[in-house]
Amino acid sequence: METAISVVVDATLITLVLALAAFGLAIIYGLVGVINMGHGAFLTLGAYLTWAATTSGVPFILAVAIAAIGVGIVGLIFEHLIIRHFYDKPFDTLLLTWAFFLVMTEIIKIVFGTDFRNVANPLPGAIDLGAVKIPAYRGLVGLIGLALVGGTAFVFYRTTLGIKIRALVQNREVASLLGLNIARMYKLVFAIGACAAGLAGGLLSPMLSVDPYIGNVFLVRSFFVVIVGGVGQLLGGTLVGSFFIGGSETLFALFSKQVFAQTVVFLLAIVILRFRPAGILRQK
Amino acid sequence: MTADADRRIPTVGHFSLWGLGQSEIGMAALTFIVLGLLPIFVSGYSIYILPQYMLFGVMAMSLGLLWGFVGILSFGQAGFFALGAYTMGLAMQLDLGVNPAYIGMLLSLVVGGTLAAVAGYFLFSAGVRATYFVLVTLALSIMVEQIAVSQSEITGGWNGMFIDRMSLTFGALGEISLYDDAPAYYAVLPVVVVTYALLRYLASARFGKVLVGIRENEDRLTALGYNVSVYKTGAFALSGAIACFAGALYGTHASFVAPSLGGVLFSTEVVVWVAIGGRNSLLGALMGGILVSALSNYVSTITPEYWQLVLGFIFIFVIVFFKGGVAGAVAQLPRLWQSRI
């Protein structure tokens, strides 16, 4: 019984953490259709900016905000200089965002060094739920992940900006004929996606040893989250995809090593991608 | 209208497939002659390390086949490469009365080809998008790395695996040990030449023409009755087998294989080599593999971080301005010159 509860709690937490990590990608890939291979670099940069800010005495919450805004600005610059010229060529954006990853990783190495960095846990201690104990900070990050998805749902369905974005996704030509500034909207969405990734990187940083390649761990998993959940299904899709990837990883990890469990989950995700290319929620 | 559309069918002969047009064969021959004569003038470390770069070049050609001919990009070539090295390492531990290196070479071809064929057909038969294919191949290379790390009883885990240098045996005729650098060099060079020749031949054969057709207009080829997924699978299987075979030779030449050989970073380095060398030209891919990896290794000893940064910027530059890479730029030179006159 206790293992059952702890598995459920573990799976829930991993789902929410993954959803947080994948959210920036879900925005950029799902809404403007850029296969953002630089997502991992956005996460890493967010983690490093948080580390840099906290070590120079900035309170953690403010540091995360700085990280999110900083990464958002970097994303904006990258979009303006390069990506905006290639929206019609998904394959080129794939290569260019990967190049962005290569360049950004090297810049991070030059600026911050290659040693492991640790961000102090801002919320030590654990929440006692009777059967299981949840590390307090992990729980908080899970809640923030949930709040982020909920908040986006609100923006999406209850604000003018949300209507504009949905119009853009549904039919770009008609939206532009109706007077929507497509170029500006793309720019905005890209920057918001980068910002979300930076936020995730900052929030995840106390839970990991920060090194220049931590984003890599999340890159492919984030992609599988988005694809399994269904590209463009920002809210339900991200949660379902995260639950599938994170939950099954927790489950397999019960029987085998963590690394091996990840391999099995990747295989499963590939099978889903083959039979349900539009995600498990949709038929085709 | 229809006449216009018809004119857009790629005529394989002068289209970018050759990269350098007919003169590429001449340049390739020159390259191989230079490589063949090099050990006479140079010795020491260069001759030790060059075969490894040449095998990287072979891996680059395996990507060139996919990317240049079919227009499919794989981020998993290094996964196959590492798989080959591990296969060789495991085969060398066998004792079957036959030269274990031969078994390793054969096995690597079978393993790489089969894995790529299975994965390829599984995906292509469902018409999986090219961008998803990139992600799957990226996941494949991560999986190779993870399995190599986690199955440490077999692979040695993080510590890697040591592999003996192989020797060539000729039954009763005796054997040649490849322990010394010069024999090893002259054992690897023919592999490069044969791979290049084989791929060149395939390009001019029906198979290659159909592949180019798929790249240019997949729907039309399907409408003409070609089983597109079988052709794509064939190309990927061949590419996987070549990369795996090159990896097997690399393993025994470097005498060591570690999980990072199959990792994401190395896999994408291959993509950078081929992009810079010229994705539509086999010689471009080969030279990209040899020269960029050699240059990386050399400059990295002087300034590791900045070199990778420069390489990243070159990569961006190539994608934005020079799709054809160096080979494409060279191929355009005569045309530019002609237009001036």
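**A first look**

Mentor: Chain A holds 11 helices and two strands. Helices (H or I, at least four residues) and strands (E, at least two) are DSSP runs, numbered from the N terminus. This is a predicted model: local features need pLDDT of at least 70, side-chain atom pairs count only at pLDDT 80 or more, and totals for chains, interfaces and linings use all residues. Residues are numbered from 1 along each chain as its sequence is written, while chains are lettered from A and ligands numbered from 1 in the order in which they are written.

Trainee: What pattern does chain A follow along the sequence?
Mentor: It reads α-α-α-α-β-β-α-α-α-α-α-α-α.

Trainee: How many residues of chain B are in contact with chain A?
Mentor: 29 residues of chain B, and they meet 29 residues of chain A. Contact means that the C-beta atoms, placed from the backbone, lie within 7 Å.

Trainee: Which elements of chain B give two or more residues to that side?
Mentor: α5 (100-124), α6 (130-150), α12 (264-277) and α14 (304-321) of chain B. α6(B) gives the most, with 14 residues.

Trainee: Back to chain A. What does its C-alpha trace span along the principal axes?
Mentor: About 60 × 50 × 35 Å.

Trainee: And how much of chain A counts as buried?
Mentor: 49% of its 284 residues. Buried means 20 or more other C-beta atoms within 10 Å of the residue's own, with C-beta atoms placed from the backbone.

Trainee: What share of chain A's contacts with a separation of 6 or more comes from residues 24 or more positions apart?
Mentor: 75%.

Key:
Contact = placed C-beta atoms within 7 Å. Buried ≥ 20, exposed ≤ 12 C-beta atoms within 10 Å, placed from the backbone.
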